[in-house]
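Thanks for coming. Please have the viewer open.

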Amino acid sequence: LIAGRLQQILAAEGMAFEAPAVALLARAADGSLRDGLSLLDQMLAFGAGRVTEADARAMLGTIDRQQVLRLVTALADRDAKGLFGTVASLDEFAPDYGQLLDEMAAVLQRIALRQAVPDIGDDEAWPAETLDALAARLPAEDVQLAYQLAILGRRDLELAPDPRTGFEMTLLRILAFRPADAAGGSLQPAEGRSADAAKPGLATPPAAAADPADWPA
């Protein structure tokens with residue numbers, strides 16, 4: 001609603017604008033139309049009368065969405081090298097890693113929505129063709145798990161030794177785990193080990209020791 005109101009004002013004033021830029025301002029307003037109008041005034045001053053996505057991201061300090069999409073695409077490809085290469089590039093600009101996890105969660109939510117409602121229409125914040133491609137490639141349960149791990153990582157970020165470490169560990173968790181079969185209702189490692197072997201404190205007994213009484217203490 002806030003984005004729509006800002007667009008009405010810009011159209012009435014005959015000012016050109018980019019819809020993703022307005023969406024960023026509306027999100028930053030956090031539910032307050034008054035704050036949205038204030039941010040719009042700041043945007044017009046910052047951009048010399050222009051309302052572009054690049055200027056909005058620069059003013060608000062938000063991450064370039066192409067970088068966020070690169071991270072999500074690398075996760076979809078399970079491309080650890082490409083994933084952490086992108087993180088290294090981002091780190092040169094001292095990003096807000098909490099905000100970056102928020103952006104990733106937002107993309108994953110859009111992907112999940114398009115999987116559930118394929119004809120939902122275009123998205124002003126993210127390229128529709130990219131969302132459609134990711135929605136087709138990623139299993140719905142992987143999207144749900146990645147979203148859950150992203151928001152949990154966001155919550156726990158302040159407990160990490162430093163923000164980048166917390167962010168990278170969140171990405172590593174997403175790479176490491178995938179949903180188990182629906183009947184199992186638990187996580188399993190992405191490669192190489194069974195779910196039971198991944199659980200702390202559990203070990204597979206030796207094959208020769210079939211009787212629990214013979215197992216080592």
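Start at Glu-53. Not counting residues up to four places away in sequence, Glu-53 touches Glu-18, Pro-20, Ala-21, Leu-24 and Arg-65. Bear in mind that this is a predicted model. Glu-53 is part of helix α4. Is Glu-53 buried or exposed? Its relative accessibility is 11%, and the cut-off for buried is under 20%, so Glu-53 counts as buried.

If neighbours within four places in sequence are set aside, Asp-55 is in contact with Met-43, Phe-46, Gly-47 and Arg-50. With Arg-50 there is a further detail: the two side chains are joined by a polar contact of 3.1 Å.

Now the pocket. The largest pocket has a volume of about 200 Å³. Its lining is made up of 18 residues, and those nearest the centre are Leu-75, Leu-138, Asp-142, Ala-146 and Ile-174.

Which elements supply the lining? At least two residues each come from α5 (65-77), α7 (97-116), α9 (140-156) and β1 (177-179). Helix α9 gives the most, with five residues.

Last, the make-up of that lining by class: 14 residues are nonpolar, four are charged, and no polar residue is present.

That's what I have; questions are welcome.

Note on methods:
Residues are numbered from 1 along each chain as its sequence is written. This is a predicted model: local features need pLDDT of at least 70, side-chain atom pairs count only at pLDDT 80 or more; totals for chains, interfaces and linings use all residues. Side-chain values use heavy atoms; hydrogens and water are left out. A polar contact is a pair of N or O atoms within 3.5 Å; within protein, one must be able to donate a hydrogen and the other to accept it, and residues adjacent in sequence count only if both atoms are side-chain atoms. Contact means heavy atoms within 4.5 Å. On a 1 Å grid over the protein atoms alone, a cavity is a set of points where a 1.4 Å probe fits but cannot get out, and a pocket is an open set with protein on both sides within 12 Å along at least five of seven lines; lining residues have an atom within 4 Å of a point. Grid points are joined across faces, edges and corners, and a volume is the space filled by probe spheres set on the points. Helices (H or I, at least four residues) and strands (E, at least two) are DSSP runs, numbered from the N terminus. Ala, Val, Leu, Ile, Met, Phe, Trp, Tyr, Cys and Pro count as nonpolar, Asp, Glu, Lys and Arg as charged, and the others, Gly among them, as polar. Buried means under 20% relative accessible area, exposed over 50%, partly exposed in between (1.4 Å probe, protein chains only).
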